[in-house]
Amino acid sequence: MNKNIKWIIKEWSNHKPMLLLLLFLTLLSAIVTVIYPIVVKRLLDTLQTMMEEPGTYSGIPSELQSIIWLFVIVGLVKMLAAAYPGFRAIYNAKFEYLIRNRYFSYILDKDFGFFNHFRTGDLVTRLTSDITDFPKIAWFMCSGIFRSIESFAKISFCVAAMFYLNSHLTMLTLLPLPIMMAIFYVTSNKLHSSFKENQEAVSLINNQLEMSFSGIKIIKSFACEDKYKKFFTESLGHRFKTEMRLVTLETRIRMIYEYIDYFGQIAVIVFGGIMVVRNEITVGTFFAFYTYLSMIIYPMLDLPQLFVSGKQAFVNIERLEEIKDFAVKKPSAKMKHQIERIKTIAFDDVSFKYSNKEVNIVSNISFKAHQGNKVMIIGPVGAGKSTILGLLTGLLPPNSGMIRINDIPLDQIDLTDFRDKIGYVPQEPFLFTGSIRDNILFGKDSASEDLYRSILDIVQMKREISLFKDKDATKVGQRGITLSGGQKQRLAIARALMRQPQILIFDDITASLDADNEEKLWEDISKQFGDITCFIVSHRLSTIRYVDNVIFLDSGCLIAQGQHDLILERVPEYREFVAGSRQTMP
Amino acid sequence: MKKKTLDVKIIKKLIPYIIQEKWLFIVGLSMMLIGSFLRLVDPLIIAHIIDNIVPIKDTEGLYQFAGLFVIVILLSGLLTYLQVIILSKMGIRIVTQLKFKMFDKFLHLPVSYFDHNPVGELIARVESDCENVRRLFSDLSVTILGNMLFFFGMLTVMFMRHFDVTLILLIPISIVVITVFFLVRYLGSFFRLARALNTEVTGIIAEYLQGISIVQLFNRRQQVMEILKNKANEKRKVESKASFTEYSFWGLFGFLIETLFVVILIYVLAPQILAGLVTIGTLIVFIQYTQRIFWPLMMVSENINQIQRAFASLSRIFYILSLEPETNHEEDLFSGSVIEMKTTRPVSYRDTIDFKDVSFRYNKDEWVLKDIDFSINKGEKIALVGASGSGKTTTVSLLCRFYHVSRGGIFVDGVNITDFGLKEWRRKIGLVLQDIYLFPGNVKENIRIYDNNIRDEQIFEALAYVGATNIISKLSKGIESEILERGQNLSVGEKQLLSFARAIVFNPDIIILDEATASVDVRTEMKIQNAMDKMLEGKTAIIVAHRLSSVIHSDKILFFNDGQIIASGTHSELMDTSSEYKKLVELQFLRTEKAIG
């Protein structure tokens, strides 16, 4: 069986009662829909017969009375059945909720190989619009499936009813439908490419707008406003054409869709009309056919459409499964050592590459750091500095070699416990939506007010926070106020320090503080956190004065390590690098 | 009431655009009228066949009316089709015009406008506001008008065929109409809420995925999961409630139309049919019409929100179009009134540029620059140094006339620069920004910024001058090669050289250079340094300096602090005279030296 169908069955297996209820309501809805025209037919035929004997009947004869009751019963059942799409919608929402939560939790457990492979935007799309948008996973899971069943049932029941009423007329009236459907599908297939073409024109324009507005100073300083807008005119002209093509096509499809049932009815009027005139069928049958034709057209157009959206949903399901199945290196041993005090951190011949890449990001790295050491990792862009930090924190598993904490291999250590002893300041100072306080306390379930204040002091945010109207309740992040890069990074430092870590990791500290304040920061950290171990990636050479050791990387290899003065003297590559960096003022 | 007058104003402003497209408008509208009328006819034909043709077995008549049915259907289809196309065309034309006007307006707005309005928002305005407006023409107004006509048309026919029944039906019809109106409003608020929650859920996912390393390293998996679940559940509940209400209502609604109305019709009409007063055809017309009569109203009530949105968009568009473009006018800071400037003087620059006690602030905010006073002789190189936010960039922006000097003035050979034509003055300046902006298009257009007065040879010359020729030879189509989005097919150094070529090709007298801080390798650094030296050769240069060499090689250094120049002179002078400068250099540079040993 197709693995996506299996997936869907598995999802539904937890909701069996609802499945049965929906199935029942779906069939009920199809049945009452088909019965309705028969009741109308009975009404018309009865009236017709009565009229053939004028004067016999008056008022509401009992035959009519019973037909009215029939109407009421069918109507009531239909009313119940018509509400069942509400259940479908509720289950669409339920599936959306359950599926998204589950896959989000998978993602939270992934390692950095995964996040290197998938871009954030892509993951967000897979978890949001791939699931939510009509007609993707959530819609298909319930509405899609049951609408297919409903359409199929309606068509079969209608055709059966028509054959029952008059097989000859059924054949004649169904004949033009396949042709109409073929035209409809040929046209709608073109829609996709036209839509894409227009979408490209839209993004071209948006692109131009973005570049023009961001580069407005350049345009203005060269006084090129009027020349510049010419090329916008061109893309607008192009857009006009693609837009018109799209509108024409869309309208054509809409017209076919709106008028298709009339074409079926034409057959009824011509052939059915003749049969009525020849007394082969009654007026009631004639009208029933007329109604049936308009009833089966839309399910008929719907079914292939549902098939297409099913295929689309399958693609989206596969995209979700890809997330789940992406291999994560699990710690091999079952041992879960918990470490009280981190005394040594050692890299022993460690190499790392992403599974989808050929080349190592870092190769054969060996070094050892002791409790209280301050180590600076330095090297050109792309040398593998951040990768070392990833390996150190267990975000990246090494391909070969061994990382040891207190001589215990990292993969035998309880990562959660280990990470609780790490304070990490990322390269991009990322803050979450919430208040300043929420962000600083992000990594902590509870914390003393004293610690909180002293840390605000260390990162030199006290004064700045006091200037905000809402103090530390000021909202930051996507919907909050705009902080400067330096402020953000200092909050990120506070967030890391708040955990009272044994290891402090700075992935690039350059932007956060000017040189003056950096000195104070290091002093305060030493004062408050004593023998904390630090790993610092920095572009600012001046930071060197606060560290004990330097690890110099180039192209993923460890070129030199040791005290700055010593390796500066001994290692020519390091000398060259330092001389190069000296060219630019930080 | 206020809202109404606003709408009237907007419509008034829109009328000229419609008049421009009057033929499309008139033809489209008339087609719509005829189309709506034709849609009333087909049930009448069925009724006629049943009442008049079937009883007398008139085969000939049947063919005629079947033919008529076909013609009516085809014609109404064709008219609807043409009408949609024609009115859409009109809509797209008007919108294209609006887009162009907005873009043109944006280009001519002062730089300060862009400081206060994020680029993303501006793009959204041009694109989504215009799209909302387009819908106003293409389907919205048409559907609404057409459907209203259809509705009243049906009512008229019903009254003509059977006055009493229609009168009776009118009661449940009005009840349904009113209920639908309120239901749509009620549900609308739910769907808006659901949309907002959906955005929030997406935001949560995006945010925590971006910060995934933090979440993992800080062991916050559980907490994050809770945050998502809570918000997602909120969304699920709102959506479920809205959908359930909606569908339950449709169920009730279907019951009313298909059952209640038919039962009423039977009760009233059956005795009359049996008495021979009313035909079966009339019954069929009523059954058909009662099923059709509500859809137009549904559409109308659903579309009313979109009309409101379109009007909101229109008012934003017209607001932007009404903004004052950047001109030689200068706003009087205190009264806010616009002072008309004298006729502009031809730009001439021979000797000096003088900043005389220049102060600047945005509106009534704090002063950003205070009494900046210095002069530059022609051909000199000036370096501006100081912490970020100390006023360097603002100073050069004032020279470019991106903002108006609030107090004092900038004089060129004794002439205030505001006396010059804005564009003529800017033509004297070559600006190279810290972030290198590349425009969509090829290398050539990027260098000459679509100014076709600049010939290819000049571009080649400029490229050769800054040593960028090999960048071009590397690209397949030379200077006609397309630059990918954000210059992805170029390195940082290459982009920098192109921006130098851009400044050179316009042959300015003054070059303003905000040095890039991006880290590049040593070899690229050398190349950029050489290119920069060549670019500045023989020009007056004002450099917002990030490189030590720029500071050392400049004729004068202006040291900015807190919007003021606190020291000026050459590097060696300042090292002797200004302790602050010495500290700056020590902190930012010499200490590095010392640390390095």
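Me: Which residues in H1(A) meet which residues in H8(A)?
Reply: In this predicted model, Trp7(A), Ile8(A), Glu11(A) and Trp12(A) of H1(A) meet Ile137(A), Phe140(A), Met141(A), Cys142(A), Ile145(A) and Phe146(A) of H8(A). By class, this contact has nine nonpolar, no polar and one charged residues.

Me: Why is H1(A) called roughly perpendicular to H8(A)?
Reply: Helix H1 (residues 3–12) and helix H8 (residues 137–165) of chain A pack at about 85°, their axes 12 Å apart. Angles of 65 to 115 degrees count as roughly perpendicular, so H1(A) is roughly perpendicular to H8(A).

Me: What makes the aromatic pair of Trp12(A) and Tyr91(A) stacked?
Reply: The centres lie 6.0 Å apart, with 10° between the planes. Rings pair if their centres lie within 6.5 Å, and planes under 30 degrees apart count as stacked; therefore the pair of Trp12(A) and Tyr91(A) is stacked. Trp12(A) lies in helix H1 and Tyr91(A) in helix H4 (residues 84–108) of chain A, 79 residues apart. Both Trp12(A) and Tyr91(A) are buried.

Me: Why is the aromatic pair of Phe367(A) and Phe535(A) called tilted?
Reply: Here the values are 6.3 Å centre to centre and 55° between the planes. Planes under 30 degrees apart count as stacked and over 60 as edge-to-face, so 55° leaves this pair tilted. The pair links strand S2 (residues 362–370) to strand S10 (residues 533–537) of chain A.

Me: What makes S8 and S14 of chain B edge strands?
Reply: In the open sheet S8-S11-S12-S5-S13-S14, strand S8 (429–432) and strand S14 (564–569) each pair on one side only.

Terms used: Residues are numbered from 1 along each chain as its sequence is written. Chains are lettered from A and ligands numbered from 1 in the order in which they are written. This is a predicted model: local features need pLDDT of at least 70, side-chain atom pairs count only at pLDDT 80 or more; totals for chains, interfaces and linings use all residues. Side-chain values use heavy atoms; hydrogens and water are left out. Two strands pair if DSSP finds at least two bridges between them. Helices (H or I, at least four residues) and strands (E, at least two) are DSSP runs, numbered from the N terminus. Axes are lines fitted to C-alpha atoms, for helices over the stretch in contact, and angles run from 0 to 180 degrees between N-to-C directions. Angles under 35 degrees count as roughly parallel, over 145 as roughly antiparallel, 65 to 115 as roughly perpendicular and the rest as oblique. Contact means heavy atoms within 4.5 Å. Ala, Val, Leu, Ile, Met, Phe, Trp, Tyr, Cys and Pro count as nonpolar, Asp, Glu, Lys and Arg as charged, and the others, Gly among them, as polar. Buried means under 20% relative accessible area, exposed over 50%, partly exposed in between (1.4 Å probe, protein chains only).
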